[in-house]
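Dear colleague,

I am passing on the structure that we talked about, together with some notes on its contacts. Please open it beside this email and read the two together.

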Amino acid sequence: MIAALASPMLTTPWPIIKTHRENSDTFTLELEPPESNGPFAFKPGQFNMLYVFGVGEIPISISSDAGNPETILHTTRKVGTVTNALGELRTGDSIGIRGPFGTNWPVEEAVGKDVVIVAGGIGLAPLRPALLHLLEHRRQYKNVILLYGSRTPEEMLFRKDLEKWSSQLDIQVYVTVDRATRSWRGMVGVVTPLVHRAPFDRKNAVAMVCGPEIMMRYATEELQRRGVPDDMIYLSMERNMKCAIGMCGHCQYSSEFICKDGPVFSYDRIAHLMGKNEV
Amino acid sequence: MGEAISNYAKRILPSTDLDRLLEALQQKGYTLVGPTVRENAIVLEEIEGAEDLPVGWTETQEAGSYKLSRNGSEEYFDFASGPHSFKKYLFPPRLKLWQAKRHRAGFKVEQENDQAPSYAFIGVRSCDLCAIEIQDKVFMGDSYVDPVYKERREKAFILAVNCTKPGNLCFCSSMDTGPKAKSGYDLAVTEQLKESEHVFLIQAGSEKGHELLEALELADADEGAVEFENKQLEDAATSMGRFLDTHKLPSVLKNNFEHPRWEQIADRCLSCANCTLVCPTCFCHTVEDTTDLTGDVAERWRQWDSCFTGDFTYFAGGSARASTKSRYRQWLTHKLSTWTDQFGTFGCVGCGRCIAWCPVGIDLTEEAAAIRATDLVSD
């Protein structure tokens, strides 16, 4: 008998149907899952492995609406070899996709509760499907609050979404920038202090946090100070990944494999690790 | 590990008949892999028959040292673990997973087929048998299964050797992984060299092994031989060169993340990755994507990687473990602590390879003991 070697490591080419520039170094790829593979389904917070022909493969969260899996969006920043190569691709090109992988944001567990979402920079991308889910099922939730911090107004992600959500009365959006530029009339400063005055009931709230690790630490501290219990705070972690199926060992974070035990963790599960260096 | 003890009858295989057994395996289509002398070490390679086994050879091991020597003995298995383990056959060091060709605006992916033969592993010590069981959990134990590993593993035949000659760096008694092979083998032998005779006490551990053994029509083992075997294994269990106290070890290591000992180890550790390469349970690997010169054909290769390399934890924010201290701490803590959370067993089988093949002779039993002795959080 001859083994079909690669199955979980085998990538499938998906065509790019549109590309969109978010800011100077961040872009979104719009992809169409091929019908031959059967319907593609994912949950908010999950990720795919994106392969550029001959260049390499990296984990990127899905940033589109899980209710519309016919079109899949990946938003990423040019920071390394593969993301730079991804940024060069155009409509009609194909990339390889494996996925979806990992745990998801607790949108089911949050039903009947206030939901506070804290995002920093590119961290808004994995949270976008959660926001879209909350808004689509708006009546199932109490207050929905988005706190978003960007380095500058120009680097803000999903500007159209932010403007739309800001004009809606059923979601409260607070946007802040680290450094204001001339046209900015909004808040200036880091995002974490906004937690302090966000309107949610600490006894009945779920928090979803994504951004740089340091930002997630401070956001968590603020949420704890407000009285949100550790198991109601969810974070999305990031590490080097080669396989996404718990075998290559790269993403280990103490006992956790970020790829399969995460990327979304409730804070109580990883509280003992946060803030420690070089875990 | 594994409490199962075989119910099959024990038989006597005269040492001169070892080739009959190996030939029977070859006739069944197995490619034999066993210990043999190469480049001043006892390594694991494909062998043709009993004449390739390291008869008359042994070795002495110290931290950072492995010396092959002749001892003139007639025994086939008078040595402890060498630098190789059977993982190189089940989890190959470098393997092509697939290739892709450009096709219009996109590309087409073609799976690679594994051409590996059915291996018969000859002379698997209990420590290495346990190591295979540990890797089974990694590659086949969860929702995702590595088809390469699974295929090779299911095709393999295991001829275990109950270990009567633990080495100076061995501590399988501490890890409950030996010296007797408890389960997971097709056949297990105990080599017995007495003044008048040289035999193997042999017992099947599977239906596959039982069938093969029946065909050899061997005599039953007498009480004397079984008693002698018990004594051999009792002696082996108490003559380990190393010891590791595993009591509450997972929590001791977790509680001592900031222990000053890690800095001291880092002063010696070269972060060379030798320990991870010789370790029979280390499973970390990387994926390499390449193209040919035309840029039209791409390949994906999988190859062994190590948590001691700089690239291992590199991601957008830099290296998650930049210092040698953090890498050694990760390796030791994984083996003896976090592995138990992930897979329900230690990631160490007490084979001592990492001690022998560490160029500066770092000894994990010594390091774990030092941390326990100065536990920052004693409870």
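Into which domains is chain A divided? There are domain 1, covering residues 7-100, and domain 2, covering residues 114-236, with bounds that come from an automatic or database domain assignment. Please keep in mind that this is a predicted model, in which local features need pLDDT of at least 70 and side-chain atom pairs count only at pLDDT 80 or more, while totals for chains, interfaces and linings use all residues. Residues are numbered from 1 along each chain as its sequence is written, chains are lettered from A and ligands numbered from 1 in the order in which they are written, and side-chain values use heavy atoms, with hydrogens and water left out.

**Between the two domains of chain A**

The C-alpha centres of domain 1 of chain A and domain 2 of chain A lie 25 Å apart, and the contact (heavy atoms within 4.5 Å) takes 17 residues from domain 1 and 15 residues from domain 2. The area buried between these two domains, meaning the accessible area (1.4 Å probe) that two parts lose on being put together, summed over both, is about 1100 Å², and carbon and sulfur atoms give 55% of that area.

On the side of domain 1 of chain A that touches domain 2 of chain A, strand 3 (26-31) and strand 6 (72-77) each supply at least two residues, strands being DSSP runs of E with at least two residues, numbered from the N terminus. Strand 6 of chain A gives the most to that side, with four residues.

**Between chain A and chain B**

Here 45 residues of chain A are in contact with 60 residues of chain B, and the area buried between the two chains is about 4400 Å², of which carbon and sulfur atoms give 59%. How many salt bridges are counted between chain A and chain B? The count is two, and the side chains of A:Lys260 and B:Asp142 meet in a salt bridge with an N to O distance of 2.7 Å.

On the side of chain A that touches chain B, the elements that give two or more residues are strand 1 (3-4), strand 5 (56-61) and strand 7 (94-101) of chain A. Strand 7 of chain A gives the most to that side, with six residues.

With best wishes

Notes
A salt bridge is a side-chain nitrogen of Lys or Arg within 4 Å of a carboxyl oxygen of Asp or Glu.
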